[in-house]
Amino acid sequence: MVNAIKGVFITCDIPMAQFIVNMNNSMPSSQKFIIHVLDSTHLFVQPHVEQMIRSAVAEFRDQNSYEKPT
């Protein structure tokens, strides 16, 4: 019998995948959201955390982007 799990497939670069894995590892075990790490640039996560990941990535990028001083 086949067991199917609904999830979201994420493709990203290696540093962003490490950021998401680190975010998952910082959660309590009952709230971990990564279903499977497929390789260094592909993750399969639970669908209810998609927006949380998007907002965390956007915040991370905003904090790490260069702004030319005026």
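Predicted model: local features only at pLDDT ≥ 70, side-chain atom pairs only at ≥ 80, totals over all residues.
**Whole chain**

Start with a cartoon view of everything. The chain has two helices and three strands, and from the N terminus on these elements follow the order β-α-β-β-α. The radius of gyration is 14 Å, well over the 11 Å that the globule rule gives for 70 residues, so the chain is more spread out than a compact globule. Switch to the C-alpha trace: along its principal axes it spans about 65 × 25 × 15 Å. If you colour by accessibility, 24% of the 70 residues count as buried.

**The largest pocket**

Next, select I10, I20, I53, R54 and V57. Among the 14 residues that line the largest pocket, these five lie nearest its centre. The pocket has a volume of about 200 Å³.

Now show β1 (8–11), α1 (14–25) and α2 (50–63), each of which supplies at least two residues of the lining. Which element gives the largest share of the lining? That is α2, with six residues. Colour the lining by class and you will find nine nonpolar residues, one polar residue and four charged residues.

**The salt bridge**

R54 forms a salt bridge with E50, and the closest N and O atoms are 3.0 Å apart. E50 counts as partly exposed, since its relative accessibility is 33%.

**The aromatic pair**

Finally, select F19 and F60 and show their side chains. The structure holds one aromatic pair. The ring centres of F19 and F60 are 4.4 Å apart and the planes lie at 25°, so the pair is stacked; the cut-off for stacking is planes under 30 degrees apart. Zoom out to see what the contact joins. F19 is in helix α1 and F60 in helix α2, so the pair ties together parts that are 41 residues apart in sequence.

Methods: Residues numbered from 1 in each chain as written. Heavy atoms only, no water. 1 Å grid on protein atoms, 1.4 Å probe; cavity = no way out; pocket = protein on both sides within 12 Å on 5 of 7 lines; lining within 4 Å. Points joined across faces, edges and corners; volume = space filled by probe spheres on them. Helix = DSSP H or I, 4+ residues; strand = E, 2+ residues; numbered from the N terminus. Nonpolar A, V, L, I, M, F, W, Y, C, P; charged D, E, K, R; others polar. Salt bridge = Lys/Arg side-chain N within 4 Å of Asp/Glu carboxyl O. Buried < 20%, exposed > 50% of the residue type's maximum accessible area, 1.4 Å probe, protein only. Phe/Tyr/Trp six-rings, centres within 6.5 Å; stacked < 30°, edge-to-face > 60°. Rg over C-alpha atoms; globule rule 2.2 N^0.38 Å.
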